[in-house]
Amino acid sequence: MNEVINKMDIYIQKELKEKTVRILFLTFLLFIPVILIKTIALLFLSATFIVYDIRHQNAELLYFLPFSKKELFLYNLIFLSLVVIVTSAIGEIFLGVPFINKFEPILRSLILLLAIFGLQMAFSGFEMDGLGWSAFVVILDALLGNIGTTDINSFAFNPYSLISFTRQGNLLLSLIYSSLICLLGFWSYVIKGGEN
């Protein structure tokens, strides 16, 4: 366990040294409790780490270090999840809502992160532009998810709005959908690409 934490610490230190200003600016944007701003910040923040290295062909250098693709995927996901949880939690501390209701914005932000990171890793695994294509899919998800209503008894009911990771009409279904997208990213990057 200590070896895993040490390797993750080395990787995160390397990333922070190389990309400090960008990471700090995008992390600052995550404190703003507007879902559109969080979505844009998460798009660019998750593309700052391994997706950036893959796009600029720097990822091969990481494979010569003692990092496997699986470790890089998990280190990025863990670090980004911690950043999202901390920024969302700090933002919720000052709101005067009941304690249990403070977890919903954290969960919504994690759903966004899982989907966006999964999309970026999936597109990167298929050797496509992770940032560009994931931004396109996020916009498409927002458009399709916001058509109609989440009310099942309404004539304008849109089933996709329940699972949409931007609309999040049903948190559980959105979480499952985002988790599946993240698993697709894991498969595309680690399993399809072959373990290094």
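Predicted model: local features only at pLDDT ≥ 70, side-chain atom pairs only at ≥ 80, totals over all residues.
Local features require pLDDT of at least 70 and side-chain atom pairs pLDDT 80 or more, whereas totals for chains, interfaces and linings use all residues. Residues are numbered from 1 along each chain as its sequence is written, and side-chain values use heavy atoms, without hydrogens and water.

Helices here are DSSP runs (H or I, at least four residues), numbered from the N terminus. Helix α2 (residues 35-46) packs against helix α6 (residues 103-125) at an angle of about 35 degrees, and their axes lie 10 Å apart; axes are lines fitted to C-alpha atoms over the stretch in contact, and angles run from 0 to 180 degrees between N-to-C directions. On the α2 side, Ile35, Lys38, Thr39, Leu42, Leu43 and Ser46 make the contact, and α6 contributes Ser109, Leu112, Leu113, Ile116, Phe117 and Gln120, contact meaning heavy atoms within 4.5 Å.

The largest nonpolar core has 45 residues, and Ile50, Phe73 and Phe117 have the most contacts inside it. Such a core is a set of buried Ala, Val, Leu, Ile, Met, Phe, Trp, Tyr and Cys residues joined through side-chain atoms within 4.5 Å, where buried means under 20% relative accessible area (1.4 Å probe, protein chains only). Helix α6 gives the most to this core, with twelve residues.

Leaving aside residues up to four places away in sequence, Phe73 touches Phe117, Met121, Cys182, Gly185, Phe186, Tyr189 and Val190. Of these, Tyr189 is placed in helix α9 (residues 171-191). Tyr189 is buried, with a relative accessible area of 4%. Between Tyr189 and Glu127, 62 residues apart in sequence, the C-alpha to C-alpha distance is 9.4 Å.

Definitions and conventions. Helix = DSSP H or I, 4+ residues; strand = E, 2+ residues; numbered from the N terminus. Buried < 20%, exposed > 50% of the residue type's maximum accessible area, 1.4 Å probe, protein only.
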